[in-house]
Structures are given as C-alpha cells and as structure tokens.
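Please keep the model open while reading.

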Amino acid sequence: MNPYEAYMKEISQPMRDELTNAGFSELTTPESVDEFISSTEGTSLVVINSVCGCAAGLARPSARESLENEKKPEHLVTVFAGQDREATSRMRDYLEGYEPSSPSMALLKNGQVLHFIPREEIEDHDVEDIIHNLTTAYNQYC
C-alpha cells in the first residue's frame, strides 16, 4: 500500500464506522456484492459512501436517522466509492439506469431498484428532507 492509500484508508475509517456502527454491512469486493444481490430477499438500503462533504454532513446522518422509521429495509449495506472501487463499480452495475453518483442511496427489493437518491438530491438539501425522501420510500415499499 502506498502512502496515499494508507492515508485515505486511515481517514475514511471513521466514515465507514459511522455506517457499520448503525448496522450496515460493508461490501468490499465485487464478489461480496454479487453474493449479496443474488442471495438477499426482501428490501435493502444500499448507501454508496464517499469522503465527499455532503456524504459526511448529509448522506450518512440521513441514512442512520431514517432507520428510526417504523417501516424500514430488512438489509443494510454500503460500498465505499473511491476506496473499494471494484465493489462500488459492481454495485453500480446493479443500479442499472442510474448515473454513478456518490454519495447516493438505493432501496432495492430482491436486487431490483425501487427508489434511488442521487447526489443531486443529497447535496444542498436538509437532512430532514433526505430522511423524508427515504422514509417515504420505506413506507411505500417496506
């Protein structure tokens, strides 16, 4: 690992922990993404995490707080853009029809996208608006 990669790994760890401490499982390889998509039944929230400021200030807190809703996804997973590149690329393959965006969030059911929140609907939005976007989808699909 070169010094830049070591630095980025160190700096991104708290960002990873913010989601894993809230119950999200990290998918760090293309194989783990394939296994998750092919074997998981029910609803899943996928968070494409990033080091972007809007991920830190808006996406991760919104994803965490949205889980206080009565209806919520059965499965919680995350891939980290820029860190676990191959896993993120593979997850994006499953988000067919949606432009790559980080951070972003997708609600899936049996591997199919039901609802997608791109960066444009995260950046410059209030946490409360993003939570409402997520919980509206949970109430409809979960």
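## Cores

The largest nonpolar core holds 22 residues, and those with the most contacts inside it are Phe24, Leu45, Val47, Ala63, Met105, Ile122 and Leu134. At least two residues of this core come from each of E2, H3, E4 and helix H5 (127–141). H5 gives the largest share, six residues. A second, separate core has 15 residues, including Val33, Val79, Ala81 and Ala87. A nonpolar core here is a set of buried Ala, Val, Leu, Ile, Met, Phe, Trp, Tyr and Cys residues joined through side-chain atoms within 4.5 Å. Buried means under 20% relative accessible area, exposed over 50%, and partly exposed in between (1.4 Å probe, protein chains only).

The model is predicted: local features need pLDDT of at least 70, side-chain atom pairs count only at pLDDT 80 or more, and totals for chains, interfaces and linings use all residues. Residues are numbered from 1 along each chain as its sequence is written, and side-chain values use heavy atoms, with hydrogens and water left out.

## Sheet and helices

Helices (H or I, at least four residues) and strands (E, at least two) are DSSP runs, numbered from the N terminus. Five strands form an open, mixed sheet in the order E1-E3-E2-E4-E5. Strands E2 (residues 43–49) and E3 (residues 75–80) pair in parallel over six bridges; pairing requires at least two DSSP bridges. Val47 stands opposite Thr78 in E3. Contact means heavy atoms within 4.5 Å. Leaving aside neighbours within four places in sequence, the contacts of Val47 include Leu19, Phe24, Ala63 and Met105.

Ser12 sits in helix H1 (residues 3–20). Ser12 is buried, because its relative accessibility is 0%. Beyond neighbours within four places in sequence, Ser12 contacts Val51, Phe80 and Gln83.

## Salt bridges

The whole structure has seven salt bridges. Each is a side-chain nitrogen of Lys or Arg within 4 Å of a carboxyl oxygen of Asp or Glu.

| Pair | Closest N to O distance |
|---|---|
| Arg60 and Glu18 | 2.9 Å |
| Asp34 and Arg90 | 2.4 Å |

Arg60 is buried at 2% relative accessibility, while Glu18 is partly exposed at 22%. Asp93 and Arg90 are three residues apart in helix H4, so about one helical turn separates them. Salt bridges with shared partners also join Arg16, Glu26 and Asp84 into one network.
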